[in-house]
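Me: I'm new to this one. Can you walk me through it?

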Amino acid sequence: MYGEAVERLIREFKRLPGIGQRTAERLTFHIVQGSEREGLALADAIRAVKEKARPCAECFTVSERSPCEICSDPRRDPRVLCVVERPTDVLAMEKSGGYKGRYHVLLGAVNLLEGVEPHDLTIDALAERVRQDDRIEEVILATNPTFDGDATALHLRAALEPLGVRMTRLARGLPAGGSLEFASKAILAEALEGRRDYQERRRPS
Amino acid sequence: MPILKTEAIVLRVIDYSETSLVAWSLTREHGRLHVIAKGARRPRSPFEGALEPLVRGELVFYRKKKASDALEIAKEFDPIDRHSGLRSDLARVHRGLYLAELALELSEREDPAPEAFDALARGLHDLASGPTSALDAALVAAELGLLAAAGLSPLLEGCARCTAGAANVSGVVFSAAAGGLLCDRHAQGDPAARPVSAGTLKSLAALQQGTAVALRDGVQRDLRALLDAFVRHHLGKSLRLSRYLGAQRPVRHRPRRSPRGAHA
Ligand SMILES: [Zn+2]
Ligand SMILES: [Zn+2]
């Protein structure tokens with residue numbers, strides 16, 4: 001009813017995650033009514049990203065070069081590998097500023113009920129990478145603290161266990177700066193399950 | 001909009017938008033219940049960390065009196081049992097998800113399901129806290145419970161097609177298509193008929209009656225094949241998780257290029 005070009009853009013927006021009919025229409029009419037420069041800048045940006053950005057051949061994060069900036073940076077510690085679900089998780093870890101090792105991006109999480117199986121992710125490539133690169137001493141399983149993230153960590157453990165590499169999982173529980181009173185039951189339960197010894201460490205004299 | 005409260009076991013969670021989730025759960029009173037949990041994906045939401053598959057909890061929701069396929073609006077979800085033991089190994093995760101998938105297939109919205117709820121609740125509890133050796137028996141017991149609640153119990157007394165007994169010259173025969181054991185005469189013309197060992201039949205009957213049994217490897221495999229065929233026949237398809245119930249995916253035991261610590 002709005003014409004073929006408009007309908008087509010609505011359809012394309014609707015294919016994006018989290019966008020329904022109403023949002024797709026709103027975005028489309030924003031572009032129809034906006035300036036030509038603004039609309040074409042968006043089209044150009046999409047074209048450029050599709051032409052230049054690709055997964056890094058080593059870690060599968062999104063980058064304009066392969067190997068990516070992190071994989072080709074000699075100052076990154078080659079002994080530690082942090083496995084995350086998505087490229088946005090790499091960004092989050094980098095913002096924390098506390099991590100100096102390298103990454104491996106799975107490109108999702110296992111969700112068998114929805115049909116996402118282990119071989120749909122980059123788990124085999126990770127196992128091959130760990131097998132080939134004997135500098136890697138520790139693999140940090142930094143999948144999300146969700147049911148799918150936990151299940152994915154179990155699949156990773158099964159794939160990496162035979163390789164004899166040390167595996168760790170990110171700690172979980174109470175947010176720093178929070179209080180017990182306002183923590184949810186689920187988070188308190190997890191914090192309790194993940195409690196650690198608190199004895200004073202005695203140095204050998 | 002009335003506010004309702006019910007015990008629910010979460011079967012499936014779908015990312016709905018940047019901040020919201022849709023959860024499908026099984027309840028005693030309302031059968032399968034579909035709720036939207038607005039803001040559940042935000043860090044400080046009232047659902048924080050609780051609205052996840054296989055968690056049993058108390059759900060508070062608003063009932064919308066509009067289209068029957070509309071989503072109810074979840075207000076709170078207070079976990080009663082998170083079944084965190086389920087997340088400790090893949091055998092438990094996969095068996096728990098298999099039960100969730102079966103419950104999804106067998107349940108209907110707004111169709112009360114007290115027996116199915118109880119079978120699922122007991123199954124998840126046993127899978128989360130039972131010993132590894134008892135996982136398959138717990139799975140089959142819960143599976144039979146869910147099937148029975150849907151009126152789909154395998155018929156194990158006499159022939160499923162006539163009044164004859166089922167112990168006959170060719171041994172005992174089970175047919176997924178007939179829904180149970182068959183006499184000699186009816187076994188003849190049934191392409192789905194398969195011989196079933198006395199041990200498998202005994203375990204199946206015991207588990208159907210709610211008796212705990214230990215399953216030997218061979219019996220466990222036979223039972224699995226029998227129930228897979230039975231479920232496939234009644235649902236018209238295999239469950240996604242059925243492929244994950246056997247031994248874990250074989251891992252290639254190729255060593256690393258050089259032994260750890262051996263290279264200088
Ligand atoms: Zn890289
Ligand atoms: Zn008969």
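Me: How are the donor residues of the zinc ion (ligand 2) spaced in sequence?
Reply: The spacing is C-x2-C-x20-C-x2-H. Keep in mind that this is a predicted model, where local features need pLDDT of at least 70, side-chain atom pairs count only at pLDDT 80 or more, and totals for chains, interfaces and linings use all residues. Residues are numbered from 1 along each chain as its sequence is written, chains are lettered from A and ligands numbered from 1 in the order written, and side-chain values use heavy atoms, without hydrogens and water.

Me: Which atoms coordinate that zinc ion (ligand 2)?
Reply: SG of Cys159(B), Cys162(B) and Cys183(B), plus ND1 of His186(B), at 2.1 to 2.3 Å. Donors are N, O and S atoms within 2.8 Å of the metal (3.2 Å for Na, K and Ca).

Me: Why is the arrangement tetrahedral?
Reply: Because the 4 donor atoms subtend angles of 98 to 115°. Four donors count as tetrahedral if all angles lie between 85 and 135 degrees.

Me: Is Cys159(B) buried or exposed?
Reply: Cys159(B) is buried, at 7% relative accessibility. Cys162(B) is partly exposed, at 24%. Buried means under 20% relative accessible area, exposed over 50%, partly exposed in between (1.4 Å probe, protein chains only).

Me: New topic. Which domains is chain A divided into?
Reply: Domain 1 (4–52) and domain 2 (62–197). The bounds come from an automatic or database domain assignment. The C-alpha centres of these two domains of chain A lie 33 Å apart.

How values were computed. Four donors count as tetrahedral if all angles lie between 85 and 135 degrees; four count as square planar and six as octahedral if opposite donors are over 155 degrees apart and all others between 65 and 115; anything else is irregular.
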